[in-house]
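Please walk me through this model in the viewer, stop by stop. Tell me what to select and what is there.

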Amino acid sequence: RSLTALYKSERITQEELTPSITALLRDPALVLRNEAVISLRELKLRGLAPQLIATLHDPKNYHHGKPLWVPEKALFALQELGAQASLAQSFYPVLEKQKDPEFLNLVVDTLEKMTGKRLAPGQSIQLRVLAWKKELKG
């Protein structure tokens, strides 16, 4: 939380902080990548949706295919900060690769918030994922 504290203490501007947070999203240390997502969300830094989405594709954020903290927190940040519907296509590989139903549910919820669309409401997560894959594939 030191990045958030630094910003809130007004010792650094958002413009100065953003490159540091962006770099930390790719840091080798999981705890720093996690801190970067938390800080980005707490500081409500907008315009970084592509970098947050990139964390969903980074194999360092998964252990034996199961998402660690970073992808889940990135999805919550995308929901809160708002991401352009035009970025939804970049979720297709995540829907293709992931098998964890809880994580997939979070991915679908994020897509719904981004696009304003609800596909296969009330259906199982498997059917919702299939509907989104079809939608995103075009």
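The model is predicted, and its salt bridges number 7.

**Stop 1: D58 and K60.** Select both side chains. They meet in a salt bridge, with N and O 3.8 Å apart. D58 is buried, at 16% relative accessible area, whereas K60 is partly exposed, at 37%.

**Stop 2: K66 and D100.** Select K66 next, then D100. A salt bridge joins their side chains, at 2.6 Å from N to O. Which parts of the chain does this pair link? K66 belongs to strand β2 (residues 66-67), while D100 sits in the loop between α6 (92-97) and α7 (101-115); the two are 34 residues apart, so the pair links distant parts of the chain. K66 has a relative accessibility of 47% and counts as partly exposed. D100, at 14%, is buried.

**Stop 3: E96 and K133.** Select E96 and show its side chain together with that of K133. These residues form a salt bridge in which the closest N and O atoms are 3.1 Å apart. Because E96 is in helix α6 and K133 in helix α8 (residues 125-137), the pair ties together parts 37 residues apart in sequence. Is K133 buried or exposed? K133 is buried, with a relative accessible area of 17%, because the cut-off for buried is under 20%. E96 is partly exposed, at 37%.

**Stop 4: D109, E112 and R128.** Select these three residues together. Salt bridges link D109, E112 and R128 in a network. As background, side chains of opposite charge can pair when their charged atoms come close.

**Stop 5: helix α4.** Select residues 49-57, which make up helix α4. Which residues of this helix are buried? They are A49, L52, I53, T55 and L56. An α-helix has 3.6 residues a turn, so residues three or four places apart point the same way.

What covers its buried residues? The cover includes α3 (30-42), β1 (62-63), α5 (69-81), α6 and α7.

**Last view.** Keep α4 on screen and bring back E96. Helix α6, which is among the elements covering the buried residues of α4, also holds E96, the partner of K133 in α8.

Definitions and conventions: Residues numbered from 1 in each chain as written. Predicted model: local features only at pLDDT ≥ 70, side-chain atom pairs only at ≥ 80, totals over all residues. Heavy atoms only, no water. Salt bridge = Lys/Arg side-chain N within 4 Å of Asp/Glu carboxyl O. Buried < 20%, exposed > 50% of the residue type's maximum accessible area, 1.4 Å probe, protein only. Helix = DSSP H or I, 4+ residues; strand = E, 2+ residues; numbered from the N terminus. Contact = heavy atoms within 4.5 Å.
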